[in-house]
Amino acid sequence: MQLRSMSTTMASFSPPSHLSATTPSPHSKPRLNKNGLLFSFRPRNLAFSPLKAAAESGAGTAVEPPLVEDSSLGTNGAAAVAAQTGQVKVVGGFLDPRWVGGTWDLTQFKKNGTTDWDAVIDAEARRRKWLEDNPESSSNENPVVFDTSIIPWWAWMKRFHLPEAELLNGRAAMIGFFMAYFVDSLTGVGLVDQMGNFFCKTLLFVAVAGVLLIRKNEDLDNLKKLFDETTLYDKQWQATWQDENSSTIKKE
Amino acid sequence: MNSIAFKSFAGLRQSSPEAPPLAAHPSRLARRRGLRVVAGKFSPKLQGRSLRVAVVGGGPAGGCAAETLAKGGVETFLIERKMDNCKPCGGAIPLCMVGEFDLPLDIIDRRVTKMKMISPSNVAVDIGRTLKPHEYIGMVRREVLDSYLRDRAKQNGANVINGLFLKMDVPQDANSPYVLHYSSYDGKTGGVGEKRTLEVDAVIGADGANSRVAKSIDAGDYDYAIAFQERIKIPDDKMVYYENLAEMYVGDDVSPDFYGWVFPKCDHVAVGTGTVTHKGDIKKFQLATRKRAEDKIQGGKIIRVEAHPIPEHPRPRRLSGRVALVGDAAGYVTKCSGEGIYFAAKSGMMCAEAIVEGSENGKRMVEEGDLRKYLEKWDKTYLPTYRVLDVLQKVFYRSNPAREAFVEMCADEYVQKMTFDSYLYKTVVPGNPLEDLKLAINTVGSLMRANAIRKEMKKLNV
């Protein structure tokens, strides 16, 4: 089913004309964003080799795969293998020219003189995704030593925190405005006076907490499950003590 | 939901008697203060004999219990069904066990001084840098350890009976004996044993995860994990790598709620994994574990395949009348690490100590209150440890991002020191508050980073 969904996704994307699969060329940015989706998970169902060959041929000729958009495939795969079409022996595992010595070579991620942290995050996400689907043996000769903490905190902020913060603040603002209007229309208490009222302050607190904690519909159930989880182990341990008091009373 | 259930153990014991507004559990509020009998002083003195106690099960829990009882002057009967049982087990014992139980050093096959944690994306972290030269995790063969403890019990005066416990007749009053029915295998190999009975005053159930004693006292069930392990003999050059190193693999491929391991044994390695929630897929997880360790165990031959259950939490009832459960039968295996040998032995010892004290060295009859003391002491001493490990498991074994964060955190020296100190000496060490704060911040940071990358990963496969 993954193949099918991937195919549909790929079919719906129109890739830039000529994506080089191997070199960290100036194409790297567009390649990594939308079209990062296009890289090959498909090899799992098709033979590895033709796709890999297609990948590093760089000429965008899709050797075998049925989809036309395939030329963009394979930033993953045997990118490092010398260009040859046809059957390529599967070297195995995750290979990427920027993955050197068990970590990401930051010099290859330069954009306008500074490191493109977004690209590093993307690359690591792809590596982990690859490994999740194709678990590899961990080896002592090629240890993985990449640590995500080398990516500076502001890169994470800019990419992940800020968009979500914007979303949540927007929701809070909308809810706040309408709640203020609603309460005012019902009770005639203006915004400033509402802030002095305990009940209104409680409503405000509930609204903020709700916006923070409940971001998707599933979160309601998740929070309940989480609460049960935190107390379950304790309950299991106390079970024998509940028994004690009831049995002693019986003895009496 | 009765709020008393959430109070800590100590709080429950000290709750003052209130007018019972909670109709659901009125019995819980009545204090036992008036009933609390001190050390069997009101129990009848036994005329002309010592207290008789049966220990069912001859593993670490049973062996230690029997030894402590025998040393305390109690007439002890240790019932074990298979004297040469080669139990499937990780086989790791903490450093403190050697000292606390006076174990001879030749029982330990290997001293593990290094551990490697390997994340789902194969980030490998070496832990053990903070260990002092005399500190190690001991790897033992269960058959060697178990028989040593049983023999020591025998030397101290316990009667070791080779038999299979069948069932138990519970007495109706506080002074009648328990009648144990068992099949005796004395000297017979194979075949059905001879049915015998044994009358004792108290019973310690140390018969493991599928405890029959627990069944006879209606102790209730627990959730359990299946641990599956293959013993693999690998070529000598590869064995050098595992000389004193154990590996832990985490990842959804290896186990959804536990970890896969490679532990060195006397002359081979044990490669295994475990799970609670997906027991049916255990073989798949085992293959994945072997694949992750492939480079290092290549050319190995599987010499044995074994599986055993690991309790996840204590049974609802660990004590009934004058019958107490210890070890795996009670469910004293920690979460997160799945460690059970030390706790089995210690609980056996503690329970036996409570009996010896309550009976004043075997002179008086014991009663339930005396055995309750063992539960009290146990919970007071080790509940923090169990709780901390439970939290660790809940936070860090949740998902792949959590496991990545876990491995990242383990690279930190402070974490390593705290982990090993608490593992080797079995105390929850408070630690430096500033470092704890730093650790908390780093943990949150790691978790957030890993989850952020996971969000990106999800986008990659729409």
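Reader: Which side chains does a polar contact of 2.8 Å join to Glu306(B)?

Author: A polar contact is a pair of N or O atoms within 3.5 Å; within protein, one must be able to donate a hydrogen and the other to accept it, and residues adjacent in sequence count only if both atoms are side-chain atoms. In this predicted model, the side chain of Glu306(B) makes such a contact of 2.8 Å with that of Arg231(B), and another of 2.8 Å with that of Arg304(B). A word on reading the values: local features need pLDDT of at least 70, side-chain atom pairs count only at pLDDT 80 or more, and totals for chains, interfaces and linings use all residues. Residues are numbered from 1 along each chain as its sequence is written, chains are lettered from A in the order in which they are written, and side-chain values use heavy atoms, leaving out hydrogens and water.

Reader: Is Glu306(B) buried or exposed?

Author: Buried means under 20% relative accessible area, exposed over 50%, and partly exposed in between (1.4 Å probe, protein chains only). Glu306(B) has 6%, so it is buried. You will find Glu306(B) in strand β16, residues 301–311 of chain B; strands (E, at least two residues) and helices (H or I, at least four) are DSSP runs, numbered from the N terminus.

Reader: How many salt bridges are there over all chains?

Author: Here is the general idea: side chains of opposite charge can pair when their charged atoms come close. A salt bridge is a side-chain nitrogen of Lys or Arg within 4 Å of a carboxyl oxygen of Asp or Glu. A search of the whole structure finds 43. One of them pairs Asp109(B) with Arg141(B), with the closest N and O atoms 3.0 Å apart.

Reader: Why does that pair tie together parts of chain B?

Author: Asp109(B) lies in strand β4 (residues 108–112), while Arg141(B) is in the loop between β7 (137–140) and α5 (142–155), so the pair ties together parts 32 residues apart in sequence. Asp109(B) is partly exposed at 25%, and Arg141(B) is partly exposed at 31%.

Reader: Which residue meets Arg110(B) in a salt bridge?

Author: That is Glu243(B), at 3.9 Å, N to O. Glu243(B) sits in the loop between α7 (236–241) and β13 (245–249), and Arg110(B) in strand β4, 133 residues apart. Arg110(B) counts as buried at 11%, whereas Glu243(B) is partly exposed at 45%.

Reader: Which residues are linked in a network of salt bridges?

Author: Asp118(A), Asp122(A), Arg159(A), Glu456(B) and Lys459(B) are linked in this way.
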